Amino acid sequence: MDLLEALEARHSVRSYTDKPLPQDVRDTLNAVLAECNHEGDLHMQLICDEPGAFGGMMAKYGSFSGVRNYLALVGKPANDLQERVGYYGERLVLLAQSLGLNSCWVALTFSKKKCAAQIEPGEKLVCVISLGFGTTQGKPRKTKPVERLCAIPEGRQMPDWFAAGMRAAQLAPTAMNQQKFLITLHEGNVVSAEATGGSYSGIDLGIVRCHFELGAQAVSCEWTWK
């Protein structure tokens, strides 16, 4: 399964079996995680065989069960920290899906105090992503029409690469499935993406940008971000 196939197949999963992550899967995740940390100036970590962060009432409130593995998304506070966490965290989510794992973005319904991540002075834990072999593959969620999620110059037909990017962005997970973002096509094949409000909008924007890039670049690389 490549990342585009993973993008189509991946749905949020909150309940997991007790099957451990194979060592080769851990090694692959850690290798790409190191690359993402370097590119994104982050300190994301793969935590395995640790049930504490999802062992309390908050996790039960969020309907999580059997979570023993997760990605801790850590970085130094900055205006764009949430967006970088969203972008690189979603790259790891799609990689995990391609390796046969399931996942779910988690902002509140886990215990930060019991999270086993190493947080250095001057860093913060933004959120986590549960990982593992799901008891199900999850379900597709409702999405807004593409036309409500993008804007193109008046009188211009939507290019194929932009349409492919929007289809991928339409499938991006967002907080409470609100899809509060707008992707705009400008003259010269320049694209911008912005959040339009909502909780954790910075993380959502990073996830959306990751999805749009994967979809659009599969058709054409003759475009740039604004």
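Which strand does Thr-184 lie in? Thr-184 sits in strand E6, residues 181-186, where helices (H or I, at least four residues) and strands (E, at least two) are DSSP runs numbered from the N terminus. Keep in mind that this is a predicted model: local features need pLDDT of at least 70, side-chain atom pairs count only at pLDDT 80 or more, and totals for chains, interfaces and linings use all residues. Residues are numbered from 1 along each chain as its sequence is written, and side-chain values use heavy atoms, with hydrogens and water left out.

**Thr-184 up close**
- Thr-184 counts as buried because its relative accessibility is 15%; buried means under 20% relative accessible area, exposed over 50%, and partly exposed in between (1.4 Å probe, protein chains only).
- Skipping neighbours within four places in sequence, Thr-184 is in contact with Ala-151, Phe-162, Val-190, Val-191, Ser-192 and Glu-194, contact being heavy atoms within 4.5 Å.

**The sheet around E6**
- E6 belongs to an open sheet of 4 strands, ordered E5-E6-E7-E8, with mixed pairing; two strands pair if DSSP finds at least two bridges between them.
- At the edges are strand E5 (150-151) and strand E8 (224-225), each of which pairs on one side only.
- Strand E7 (residues 190-195) pairs with E8 in the parallel sense, over 2 bridges.
- Val-190, for one, has Thr-224 in E8 as its bridge partner.

**Helices on that sheet**
- Helix H5 (residues 160-170) lies across E5, E6 and E7, and runs at about 170° to E6; axes are lines fitted to C-alpha atoms, for helices over the stretch in contact, and angles run from 0 to 180 degrees between N-to-C directions.
- Helix H6 (residues 201-217) also packs on the sheet: it touches E6, E7 and E8, and its direction makes about 150° with that of E7.
- Buried residues in H5 are Trp-161, Phe-162, Gly-165, Met-166, Ala-168, Ala-169 and Gln-170.
- The cover over those buried H5 residues includes helix H1 (3-9), E5, E6, E7 and H6.

**Strand E4 and its partners**
- Strand E4 (residues 124-132) is largely enclosed by the rest of the structure, because 8 of its 9 residues are buried.
- Strand E2 (residues 69-75) pairs with E4 in the antiparallel sense over 7 bridges, and Ala-72 has Val-128 in E4 as its bridge partner.
- Strand E3 (residues 102-106) runs antiparallel to E4 and is joined to E4 by 5 bridges.
- Opposite Asn-102 stands Gly-132 in E4.
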